[in-house]
Amino acid sequence: QVQLVESGGGLVQAGGSLRLSCVASGIIFHINAMGWYRQAPGNQRELVATITSGGRIAYAESVKGRFAISRDNAKRTVYLQMNSLKPEDTAVYYCAAIRPSGPGDNYWGQGTQVTISS
């Protein structure tokens, strides 16, 4: 079965950095688009960044210039480097294997908590 295991969350001060990792199994990783989403308390889950199998990248406006998504197909891992973190970045971050049929069919990790203190 598909498993996505995130790591790297934690508590940091505003202006700091974190690097999230997500190791995938059960999918043909190198042909699968991958993404990071986040959900803050009381909010809907929102897209943060995506990377296609060909390396095309897209970011939410709120994280452009601060976050960077990357992938290592040999390690079956997708990363999210987060710099210049703000309190409003506080959320549970989820790794996703993106399905062409839409977000409702994505495979999801269990989530990792990111908390930014002011």
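Buried denotes a relative accessible area under 20%, exposed one over 50%, and partly exposed the range in between, with a 1.4 Å probe and protein chains only. The model is predicted, so local features need pLDDT of at least 70 and side-chain atom pairs count only at pLDDT 80 or more, while totals for chains, interfaces and linings use all residues. Residues are numbered from 1 along each chain as its sequence is written, and side-chain values use heavy atoms, with hydrogens and water left out.

The protein contains eleven strands and zero helices. Its pattern along the sequence is β-β-β-β-β-β-β-β-β-β-β. Strands (E, at least two residues) and helices (H or I, at least four) are DSSP runs, numbered from the N terminus.

The C-alpha trace spans about 40 × 25 × 25 Å along the principal axes. The radius of gyration of the protein is 13 Å, which agrees with the value near 13 Å for a compact globule of 118 residues. This radius is taken over C-alpha atoms, and the globule rule is 2.2 Å times the number of residues to the power 0.38. Of the contacts with a separation of 6 or more, 56% join residues 24 or more positions apart. A contact means heavy atoms within 4.5 Å.

Buried residues account for 40% of the 118 residues. The largest nonpolar core has 28 residues. Such a core is a set of buried Ala, Val, Leu, Ile, Met, Phe, Trp, Tyr and Cys residues joined through side-chain atoms within 4.5 Å. Met34, Trp36, Leu80, Met82 and Tyr93 touch the most other members. At least two core residues come from each of E3 (18–25), E4 (34–39), E5 (46–51), E7 (67–72), E8 (77–82), E9 (91–97) and E11 (112–117). In soluble globular proteins, nonpolar side chains tend to be buried together.

The accessible surface comes to about 6100 Å². Carbon and sulfur atoms contribute 50% of that surface. Areas come from the Shrake-Rupley method with a 1.4 Å probe; for residues, only the protein chains shown count as cover.

Two loop residues carry a positive phi. Arg76 lies between E7 and E8, with phi near 55 degrees. Its relative accessible area is 29%, so Arg76 is partly exposed. Ser84 sits in the loop between E8 and E9, and its phi is near 50 degrees. Ser84 is also partly exposed, at 41% relative accessibility. Most residues other than glycine have a negative phi.
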